[in-house]
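Okay, thanks for coming, everyone.

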Amino acid sequence: MEGLQLSLAELHQTFRGGKTRGVEWRKSQLQAIINLITENEAQIFEALHQDLGKHPVEAYRDEIGIVKKSADHSLLHIEKWMAQKKGWLPLLLFPASGQVLPEPFGTVLIIGSWNFPISLALDPVIGAISAGNTVVLKPSELAPACSSFLHRKVPLYLDNEAIKVIPGGSEVAEQLLQHRWDKIFFTGSPRVARIIMSAAAKHLTPVTLELGGKCPVILDSFSGSDLQVAVKRIVGGKWGPCAGQACIGVDYVLVQQKDAPVLVELLKNCIKKFYGDEVDKLQNICRIVNKHHFERVRNLLKDPSVSASIVYGGSVDCKNLMIEPTILVDPPLNSEIMTEEIFGPLLPIITLDKIEESIDFINERPKPLAIYAFTKCKRFKERIMQETSSGSLTFNDIMIQFLCDALPFGGVGESGFGRYHGKYSFDTFSHEKAILQRSFFLELEPRYPPWNDFKLDFIKLAYNFNYFGLLLLLLRRMMGRSDAK
């Protein structure tokens, strides 16, 4: 506890000294993150394999590549983001000028997640550094190899007076939350998010919560190659990123009843092609992170009414914590698999009479982090955009919105609040300070009673930007005409 207090005191002192506010420091730390990632690829691959069994291709795509892309983007735009922006002022305040100045919050706490333990730790750090903050990063204890890597390597590359990694379990997190922070950024479950919000409320600390939810796929009627492409993207997006242990991964599919049999057969064939068809011989797919989560996912299938809906898969390998990609058709809607976020390699398919019913189905449930809709119908697209609410909405693909620095990433409602990626990360860790500068000149003095009428007319015209009327009013006033209107 004493060591933690000393670390925080050093971070506060560093921030007050102004070291992190300069653009050169920010650029040097962003470059240091790039160096950290590129010079330690092999160690990152090994750590991700130890923690989750990630294949190097998946590890680079979802972890290393994400961090490098984000840091490169921030380096390219940081000076523009930091620049003061002109604020337009009403004529009533002339002569005056206004600016909006982005300034760092101060010392921020970032709590990472175990499913993407490198990218979901360092990507928010990139935003915090870009904005000029000092940072405490607490990696997830459920990915111990990656946590150890960050704890060992970050101090060798980044400024240890401004950026610290503090590993540990829930007891460390509880100690951290007892302190006052200028911002808290959390990625994880709604249960832990409620604990963090309660702690932050004691100090009125702003928080960003990146959570999750049951992200649906709406699959309209397709035929031929379009359906095959849609199925390929669903399979890749469901089981490719961390075996379904992803907050924006596919949770279930909504499809018309008449299209379900063909969909199931295409899904089966694609799964076999991508990952194999025996649980002990699966390839290119992660394992479940630990025994606790393995049993949690496994228990979702133990309900007899749920197990009866399995049409593919369902096998488990307890020794290696592997669960076969599993497809279910119409499990009970009140079962746990349909009321809780699955966060695993199980895919329920819910059949509907008409695909338009999917909008009501989604709206009857908590707002998801993402909705994925495969359709060519412009009218149906417009209805989904206008009549549903979610953190993001992607048409005809899965999860690619996460890669776009130009788009905000974040939830709504129970799927979280706040946003980041690209400029949005910079904004998340910045306070936009309003600055107004005014001159001592052009001070109008009252000279006789009609002044009050003149002042009221002046204010009305100035608020309505009636420049011609304002000029006429001033000219008449200068000519001594007190009846100016």
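Predicted model: local features only at pLDDT ≥ 70, side-chain atom pairs only at ≥ 80, totals over all residues.

Numbering runs from 1 along each chain as its sequence is written, and side-chain values use heavy atoms, with hydrogens and water left out.

Back to that contact. Strand β6, residues 183-187, pairs with β7 in the parallel sense over four bridges; two strands pair if DSSP finds at least two bridges between them. Strands here are DSSP E runs of at least two residues, helices are H or I runs of at least four, and both are numbered from the N terminus.

Buried means under 20% relative accessible area, exposed is over 50%, and partly exposed is in between, with a 1.4 Å probe and protein chains only.

Zooming out, the open sheet has six strands in the order β5-β4-β3-β6-β7-β17, with mixed pairing. At the edges sit β5 (163-165) and β17 (416-417), each pairing on one side only.

What about β3, residues 107-111? Five of its five residues are buried, so the strand is largely enclosed by the rest of the structure. Thr-107, Leu-109 and Ile-111 point one way, Val-108 and Ile-110 the other. β3 runs parallel to β4 (residues 134-138), joined by five bridges, and Ile-111 has Lys-138 as its partner there.

On to charges. There are 21 salt bridges, meaning a side-chain nitrogen of Lys or Arg within 4 Å of a carboxyl oxygen of Asp or Glu. One of them links Glu-63 and Lys-54, 2.7 Å from N to O, and both residues are buried. Another joins Lys-68 to Asp-72, with the closest N and O atoms 3.1 Å apart. Those two are four residues apart in helix α4 (residues 56-82), so about one helical turn separates them. Lys-68 is partly exposed at 27% relative accessibility, and Asp-72 is partly exposed too, at 33%.
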